[in-house]
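Dear colleague,

I am handing over the structure we spoke about, and I would be glad if you could look through it before reading my notes.

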Amino acid sequence: MIVPVYNVEHYLNRCVDSILAQTYSDLEILLVDDGSTDSSGTICDVYARQDARVQVIHKKNGGLSDARNCGIEHAKGRYFCFVDSDDGIAPQMIEVLYRNLLNAGADVSAVALKYFSTEELPAVEDALKKVQCMTGKEALRSILQSEEIGDFAVNKLYKRELFENVCYPLGRMMEDQGTTYKLLDKCQGVAYCPVSLYFYYQRPDSILHKRTLKFYEDKWDMGCQRYQYIREKYPDMLENDAAMMKIVEHCYPYLRKDERRKAEMERFLQEFRTEAEGLLDSGFMRKYRLLKQSRGLYSALFLLKNGRAAK
């Protein structure tokens, strides 16, 4: 278990307690204190003194990707599982992930993710649902279509060897989007249990709730890398086009003054295969048609509804 920790003193106990309460108890728990300036580092040390399974790594602040990479470097186990330090997990999550991975002979095992915004973790669902087994290519198609498996780093158990020559990109937001597809593409098999056992906390000051120019720059750059990788390897995967169009719709109003990125977006709009239009739901289809018709009108209406991005 790799838990990046940075200034989460109000949430850290809830997170770590949920890990310590796992029904599968043979765990190595790495709390990577990424240069916290609040009491998070001290809280980590208290847990390490109380439970021999907990190890703490104190390091200079380098960001979420750097903390995850540090945990990967120091971990000794055969499997990796990431938990963000303001989130929580159901007591049986690791047991379910591990059992399904073994039973399916898979390289990655995943469970569903549930968003929450309360102090208490959500109630646990019935875990007796049919496990879906798929190839790596099928899992790639799934993360392009929906958030069921998702391209999150969390909610999954990975075989260690998948991370050979793969790491999280430093200094980037949307780092999951730039990494998970590479891991899934290495898989012979992926097991997915559609039960919400990972609890993803929605807090107003989280990265995903901050509308900054860097967020959209990184979202675009990570999306481009994923699109090109999948397009070259699986040219028939129209879901890749549809997923990239959604990124264009999201990023164009904020990046249209960036000459390089605007040129990349315009090139994609010209290359977008019309066969993929049927994969866009009605809301995205309306945006796509307006964007094709008038870039300026689309951008103005989008910003009027969603607001501008901070620099």
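This is a predicted model: local features need pLDDT of at least 70, side-chain atom pairs count only at pLDDT 80 or more; totals for chains, interfaces and linings use all residues.

A search of the whole structure finds 21 salt bridges, and three of them show how separate parts of the sequence are tied together.

In one of these, E175 pairs with R68, with 3.1 Å between the closest N and O atoms. Because E175 sits in the loop between β8 (156-159) and α6 (180-185) while R68 belongs to helix α3, this pair ties together parts that are 107 residues apart in sequence. Both E175 and R68 are buried.

K137 and D236 also meet through their side chains in a salt bridge, at 3.7 Å from N to O. Here K137 lies in helix α5 (residues 136-145) and D236 in the loop between α7 (213-233) and α8 (238-255), so the parts joined are 99 residues apart in sequence. K137 is partly exposed, its relative accessible area being 29%.

In a further salt bridge, D185 and K233 have their closest N and O atoms 2.7 Å apart; since D185 lies in helix α6 and K233 in helix α7, the pair ties together parts that are 48 residues apart in sequence. D185 counts as buried at 11% relative accessibility, whereas K233, at 45%, is partly exposed. Salt bridges that share partners also join R172, K214, E217, D218, D221, D258, R260, R261 and E264 into one network.

Helix α3, which spans residues 64-74, holds several buried residues, namely S65, A67, R68, N69, C70, G71 and I72. The cover over the buried residues of α3 includes β1 (2-5), β2 (29-34), β3 (54-59) and β4 (79-80).

Turning to the cysteines, how many disulfides does the structure hold? The number is 0. For C15, the closest cysteine sulfur is that of C44, and because the distance is 9.4 Å, the two are too far apart for a bond. Likewise, the sulfur of C251 is 8.8 Å from its closest cysteine sulfur, in C224, which is too far for a bond. C15 is buried at 0% relative accessibility, and C251 is buried with a relative accessible area of 0%.

Finally, on the surface, L297, L301 and L304 form a nonpolar patch, and together they have about 320 Å² of accessible area. L301 is placed in helix α11 (residues 295-306), and with 44% relative accessibility it counts as partly exposed.

With kind regards

Conventions:
Residues are numbered from 1 along each chain as its sequence is written. Side-chain values use heavy atoms; hydrogens and water are left out. Patches are made of residues with over 30% relative accessible area and no salt bridge: like charges are joined within 9 Å, nonpolar side chains (Val, Leu, Ile, Met, Phe, Trp, Tyr) within 5 Å. Accessible areas come from the Shrake-Rupley method with a 1.4 Å probe; for residues, only the protein chains shown count as cover. A salt bridge is a side-chain nitrogen of Lys or Arg within 4 Å of a carboxyl oxygen of Asp or Glu. Helices (H or I, at least four residues) and strands (E, at least two) are DSSP runs, numbered from the N terminus. Buried means under 20% relative accessible area, exposed over 50%, partly exposed in between (1.4 Å probe, protein chains only). Contact means heavy atoms within 4.5 Å. A disulfide is a pair of cysteine sulfur atoms within 2.5 Å.
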